[in-house]
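Let's take a friendly walk through this model, one set of contacts at a time. Keep the 3D view open as you read.

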Amino acid sequence: RRQWCDLMAISAIDRYRRSKRHLFVDIDNVVSLSAVRVRRWQGKKKAYTANEVMQDQPVPDAAEALRELRSVFFIRFLTARGQYEDPFTVTERWLGKHGFEYDELIVVRGAEDKVAHMSSESLLIDDFTLGHEQEVPRDNAKFKDSLTKAGLPFVVFPFGGRWADVLPRLKQEAKNWSSQGR
């Protein structure tokens with residue numbers, strides 16, 4: 001009997017997870033102004049300690065935008081934080097501290113590892129930048145190319161930008177997805 005109940009619970013969760021498109025959201029420089037910290041410590045180990053990360057400020061309109069998008073997307077934070085101290089716990093604490101509402105947090109080692117969690121049905125929003133210890137970070141064209149070749153859709157969050165810059169596009173993506181009968 002317990003096995004049957006477990007299967008029913010899994011079925012309900014699965015149905016919920018399929019009811020909305022999955023929006024994978026990067027954290028660094030998309031919801032967290034982390035480049036300031038990395039630049040301050042010139043990319044050294046100290047930049048990735050829990051104490052330093054917890055001092056990051058959020059992108060000003062990020063929590064509100066994601067709260068709004070959560071009505072049409074399953075919000076899944078997907079962040080590459082391999083060099084961070086206790087990355088999952090620290091990230092979870094930081095998100096809570098700044099009032100972010102989400103459905104799942106996934107922490108991977110490097111940007112390329114994000115691909116394993118995505119599908120052609122999902123959507124990634126990422127800043128696609130590298131070298132945050134420099135004044136002007138460089139574009140991670142290699143990662144964007146690999147996503148394009150794999151047929152994995154994404155939206156570029158403008159480095160130093162605001163969610164107001166991408167919100168209309170994301171809302172349109174959600175509308176298009178649901179109008180296709182998904």
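A salt bridge here is a side-chain nitrogen of Lys or Arg within 4 Å of a carboxyl oxygen of Asp or Glu. Before we use that rule, please note that this is a predicted model, in which local features need pLDDT of at least 70, side-chain atom pairs count only at pLDDT 80 or more, and totals for chains, interfaces and linings use all residues. Residues are numbered from 1 along each chain as its sequence is written, and side-chain values use heavy atoms, with hydrogens and water left out.

With the salt-bridge rule, the count comes to 15. Let's begin with R76 and E104, whose side chains meet in one of these bridges at 2.7 Å, N to O. R76 sits in strand β2 and E104 in strand β3, so this pair ties together parts that are 28 residues apart in sequence. (Strands are DSSP runs of E with at least two residues, helices are runs of H or I with at least four, and both are numbered from the N terminus.) How exposed are the two partners? Buried means under 20% relative accessible area, exposed over 50%, and partly exposed in between, using a 1.4 Å probe and protein chains only. R76 counts as buried because its relative accessibility is 9%, while E104, at 23%, counts as partly exposed.

Next, look at K114 and D26, which form a salt bridge with 3.2 Å from N to O. K114 belongs to the loop between β3 (104–108) and β4 (123–126), and D26 to the loop between β1 and α2 (35–40), so to speak distant parts of the chain, 88 residues apart. Both K114 and D26 are buried.

R37 and D56 make a further salt bridge, with their closest N and O atoms 2.8 Å apart. R37 lies in helix α2 and D56 in the loop between α3 (50–53) and α4, so the bridge ties together parts 19 residues apart in sequence.

A80 touches D28, V108, R109, G110, A111 and K114, leaving aside residues up to four places away in sequence; contact means heavy atoms within 4.5 Å. The C-alpha atoms of A80 and A111 are 5.3 Å apart, although 31 residues separate the two along the chain.

Finally, turn to helix α4 (residues 62–69), whose buried residues are A62, A63, A65, L66 and L69. They lie on the same side of α4 because they cover an arc of only 165° around the axis, taken from the directions from the helix axis to the C-beta atoms. Their cover includes β1 (21–25), β2 and α7 (167–179).
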